[in-house]
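Please walk through the fold below, from overall make-up to single residues.

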Amino acid sequence: MKVTHYSEQEWMQYVEDHLPSEVRDEMEDHVYRCEVCLANYMTCIEILTAQPTVEVKDTAAYMNRIVARTVGTKPAWYRSTMFHYGIAAAATLVLVATGFFHGLSQEIGTYGAFKPAPPLEAPASLETPISISDHLVNKTLTWLDNIQNEHKKGGLEP
Ligand SMILES: [Zn+2]
């Protein structure tokens, strides 16, 4: 089993589906047990979803989206985004359920206390920095909300 973490680059390739299935399987297996890689994975998903301009550059993909919107079916990139959200959400929940975060934050206390960005409103979080696990869980809950909303809006119902 691979002991080292996967790089953000590797996760980017995973998210963009450029990897052979054996590698994907290994990475999926790993992300269910690794908070650090899960964070990287989530970052990559966000990078991917935060760049609609990349899609627009690709005329075919752009047309697909318009057609898909008109016809009411979801384009492939959308499905894969939801797929990745699903994996990340599941991995977060598994890690939470197994109490993994608790053990890990003791092991790597310094990393666990890492603050991604200074909060704008500068709340009392100076004393209690947002841990990676809290961050991941919050993000996951947001995603689950999104998925649920999209599902309600979406064409799965008759
Ligand atoms: Zn890892």
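**Confidence**

This is a predicted model: local features need pLDDT of at least 70, side-chain atom pairs count only at pLDDT 80 or more, and totals for chains, interfaces and linings use all residues. Residues are numbered from 1 along each chain as its sequence is written.

The chain averages a pLDDT (the predictor's confidence in each residue, from 0 to 100) of 73. Of the residues, 56% score at least 70. Over residues 109–113 the pLDDT is below 50. Beyond near neighbours in sequence, that stretch has 4 contacts in the model; a contact means C-beta atoms, placed from the backbone, within 7 Å. Where pLDDT is low, the predicted coordinates should not be read in detail.

**Make-up**

The chain has 9 helices and 0 strands. Both are DSSP runs, numbered from the N terminus: helices are H or I with at least four residues, strands E with at least two. Buried residues make up 20% of the 158 residues. A residue is buried if 20 or more other C-beta atoms lie within 10 Å of its own, exposed if 12 or fewer, and partly exposed in between; C-beta atoms are placed from the backbone. Of the contacts between residues at least 6 apart in sequence, 69% join residues at least 24 apart.

**The core**

The largest nonpolar core has 22 residues. Such a core is a set of buried Ala, Val, Leu, Ile, Met, Phe, Trp, Tyr and Cys residues joined through C-beta atoms within 7 Å. Leu38, Tyr41, Met42, Ile45 and Ala88 have the most contacts inside this core. H1, H2, helix H3 (35–49), helix H6 (76–97) and helix H9 (132–153) each give two or more residues to this core. H3 gives the most, with 7 residues. Domain 1 (8–71) and domain 2 (77–118 + 129–153) both contribute, so the core lies between them. The domain bounds come from an automatic or database assignment.

Tyr41 touches Trp11, Val31 and Ala88, leaving out residues up to four places away in sequence. Leu136 sits in helix H9. Leu136 is buried, with 23 other C-beta atoms within 10 Å. Beyond neighbours within four places in sequence, Leu136 contacts Leu38, Ala39, Met42 and Thr92. Leu136 and Ala88 are 48 residues apart along the chain, with C-alpha atoms separated by 9.0 Å.

The arc is that of the directions from the helix axis to the C-beta atoms.

| H1 (8–15) | Trp11, Tyr14, Val15 | 95° |

In H1, the buried residues Trp11, Tyr14 and Val15 cover an arc of only 95°, which puts them on the same side of the helix.

Which residue lies in the loop between helix H1 (8–15) and H2? Asp17 does. Phi of Asp17 is near 65°, a positive value in a residue other than glycine. Most residues other than glycine have a negative phi. Asp17 counts as exposed, with 11 C-beta neighbours inside 10 Å.

Note on methods. Two residues are in contact if their C-beta atoms, placed from the backbone, lie within 7 Å.
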